[in-house]
Amino acid sequence: QVQLVESGGGLVQAGASLRLSCAASGRTTSYVMGWFRRAPGKEREFVGGISRSGVNTYYADSMKGRFTISRDNAKNTVYLQINSLKPEDTADYYCAASDLGTHSGTVYYTQSPYNYWGQGTQVTVSS
């Protein structure tokens, strides 16, 4: 079982950039990793995912361009870089891990395969 701890959130102005981190208690090479977010009053939505190897990434259409996921398996850490932040990016951002399957190139883009979740880190973007 893996434990996930997100960090890096905060209050920023529109146009700024943030890099969120997700530190895992175990070896991240065992897991497909993903980022999700829940905006106030909305359902949790998929941001992007990254394969065990880090070679493959997949983003929700609305996230393409400003969001970048990366991972450093040596540090058991996954990152979410967000550029040109907008007020509508205000949300709690969650890191998730999936141990389903074994293929190094698989990326999951729905919530159900992810069976481990962090507590979230809050991002607030002021206009």
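Is Cys95 buried or exposed? Cys95 is buried, at a relative accessible area of 0%. Keep in mind throughout that this is a predicted model.

Cys95 has a partner: with Cys22 it forms a disulfide, and the two sulfur atoms are 2.1 Å apart. The two cysteines come from distant parts of the chain, Cys22 from strand 3 (residues 18–24) and Cys95 from strand 9 (residues 91–98), 73 residues apart. Cys22 is also buried, with a relative accessible area of 1%. The link is left-handed, with -75° about the S-S bond. The structure holds one disulfide, so that topic ends here.

Next, the rings. A pair of aromatic rings is described by the distance of the centres and the angle of the planes. The count is eight aromatic pairs. One of them is Tyr58 with Tyr109, a tilted pair at 5.0 Å centre to centre and 35° between the planes. Tyr58 sits in strand 6 (residues 57–59), while Tyr109 is in the loop between strand 9 and strand 10 (116–117), 51 residues apart. Tyr58 is partly exposed, at 38% relative accessibility.

Tyr108 and Tyr114 make an edge-to-face pair, with 6.2 Å between centres and 90° between planes. Tyr108 is buried at 18%, and Tyr114 is buried at 4%.

Which residues do ring pairs link into a cluster? They are Phe36, Phe46, Tyr58, Tyr108, Tyr109, Tyr114 and Trp117.

Last, two arginines. Arg44 lies over the face of Trp117, 3.8 Å from the ring centre. Arg19 lies over the face of Tyr79, at 4.1 Å from the ring centre.

Notes. Residues numbered from 1 in each chain as written. Predicted model: local features only at pLDDT ≥ 70, side-chain atom pairs only at ≥ 80, totals over all residues. Heavy atoms only, no water. Disulfide = S-S within 2.5 Å. Helix = DSSP H or I, 4+ residues; strand = E, 2+ residues; numbered from the N terminus. Buried < 20%, exposed > 50% of the residue type's maximum accessible area, 1.4 Å probe, protein only. Phe/Tyr/Trp six-rings, centres within 6.5 Å; stacked < 30°, edge-to-face > 60°. Lys NZ or Arg CZ within 6 Å of the ring centre and 35° of its normal.
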